[in-house]
Amino acid sequence: MLLVLPPRVNGAPLEVDTTENRQIIIIGANGSGKTRFANNLMSSLGAGSFRMSALKAIYGKDEEDTAPGSIDSLYRSVTDGGASIIRQDIKGEFDRMLALMLNEEMLDLIDFKYNREPDEPGNREKRRLPVTRLEQMMRLWQKVFPGNRVLIESGRMIFGRERSHDTYSSAKLSAGERAVLYYIGAAMFAPKGATIFVESPDMFLHPSSIRTLWDRIEEMRRDCTFIYITHDLSFASTRGDGVTVWVKSCDLGRGEWDYDFMTSADGLNDEVYLAILGARKPVLFIEGDGVNSIDAKLYPLIFQEYTVKSLGGCDRVIESTRTFNSLRAFHNLDAFGIVDRDRRDEGEVGYLRNKRVFVPEVAEIENIFMLEGVVRAVARHFHRDENEAFARVKKSIIHLFESDLKQQALMHTRHKVKKTVEHRIDGRFANINKLEEHINDLCQSINPRGIYEQYCRSFRRYVADGDYAAILKVYNRKTMLSESHVARACGLRRDDKDAYIRAILSILKEDKGDAGIIREAIRQTFGLE
């Protein structure tokens, strides 16, 4: 079937061949108009569409879907006809769906008992009990939640654990367990060959079970096309080769949408790419794991106008920034990156900044918390003399750097030699002899001892001049926050790194007074006012 999508701003509506794509994902940020987009598409399909919403089914007791073929309509047709054994006052789509299944189960059993062919001698043909929707639902639900069991007792479903004799009703199930029951059961009631619209298919579900659940439901209803409406955009990456429609905005007056098919982003994880597009803000790629790293905790509080996404190492940040900006004709969003300065020289830093990768004027993330403006703001927040606090911290850092000076100079030398060798060895050579000669000359031409001595002279000058900012720019020492006793100097009860970082994050989250000063000091180290 050729599915024509809703009216499109400045262009003809797009089309999807559902014989090739049984999965369509409609994504978009909150307020982009994706729900109206889906409703428009559903209206155009008429009786061939079927809606599923776990939120409405579980909590919308007073809402009723009057569309032909809906669970509510099926329930009304069964109870109003007087041929059912279920109550007529059940409310809520979830409970009505379970009631319909139990009703079907009982009618099948009655039919099997009273309408089968009599068992006569020599008659080996015997009717078997049909596999009902209730039975299928119970089996599939137990596959999603292994270790659970489902029983039918006195005409109602009860649940329990395999290793326990305790049982409970469906009302005692978690929202996630009920959602899975609903999705499986409701999909069975969809008309043959229907287009099933699923609102927020990941709602109430743990990420580990989402892919398995929808894979099994799609396999169960191979005759249907599934259209998922979601803003939790990582879901789209679980739907294989389905078509993804990105709804950007809606013109309510004209009844048109700005939308397009999602294209793949070479070099970017699909989940990352979709999440960024859905946020509709410029993106800032950062280092770290996104959960435990300091970067992920700090930068969203500093760069509030960006969608901040952690990618791991600095190479991924640099490459993803380049890739995302190369696709700008499609998404119209700007991408930037942040990497630690580490031991990069001015040439390397300038190159990265030209590629829209921010590099701070400090060596690494820990040093950002040691910026003069940050230390003063924290001390002031905890009612300490900011001049005295900063003087103590400055003295401590200079002393640490002086004792570590030669080792720091050696590490900077090693980095510079490595980069120089990588650059020089990358040339073209006519034969192996030329390459061998070139390598033999490298040691003399690079002069590592000369580089080392130059770093030592510069670093000694920083110490002699008390140049705190210059030291933070070159000093790589992960233990700096603890060894400088900055927390104690600023008046915190606990004198450790974690307490100091938590204090800064707490001030930024409160977003009052000193938060603006801290934010400004950090933005300035990236060259941003």
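How many of the 15 residues of H6 are buried? In this predicted model, where local features need pLDDT of at least 70 and side-chain atom pairs count only at pLDDT 80 or more, totals for chains, interfaces and linings use all residues. Residues are numbered from 1 along each chain as its sequence is written, and side-chain values use heavy atoms, with hydrogens and water left out. H6 is mostly covered, with 14 of its 15 residues buried, where buried means under 20% relative accessible area, exposed over 50% and partly exposed in between (1.4 Å probe, protein chains only).

**Helix H6 and Gly176**
- Helix H6 covers residues 175–189 and includes Gly176; helices (H or I, at least four residues) are DSSP runs, numbered from the N terminus.
- The end C-alpha atoms of H6 are 21 Å apart, which agrees with the 21 Å that its 15 residues should span at 1.5 Å a residue, the expected span being 1.5 Å times one less than the number of residues.
- Gly176 counts as buried because its relative accessibility is 12%.
- Leaving aside residues up to four places away in sequence, Gly176 touches Phe145, Phe204 and Leu205, a contact being heavy atoms within 4.5 Å.
- Ala54 lies 122 residues from Gly176 in sequence, yet their C-alpha atoms are 9.4 Å apart in space.

**Nonpolar cores**
- A nonpolar core is a set of buried Ala, Val, Leu, Ile, Met, Phe, Trp, Tyr and Cys residues joined through side-chain atoms within 4.5 Å.
- The largest has 68 residues, of which Leu298 and Tyr500 touch the most other members, and helix H22 (residues 497–510) gives the most to this core, with eight residues.
- Apart from this core lies another, of 55 residues, including Leu98 and Ala187.

Conventions: Helices (H or I, at least four residues) and strands (E, at least two) are DSSP runs, numbered from the N terminus.
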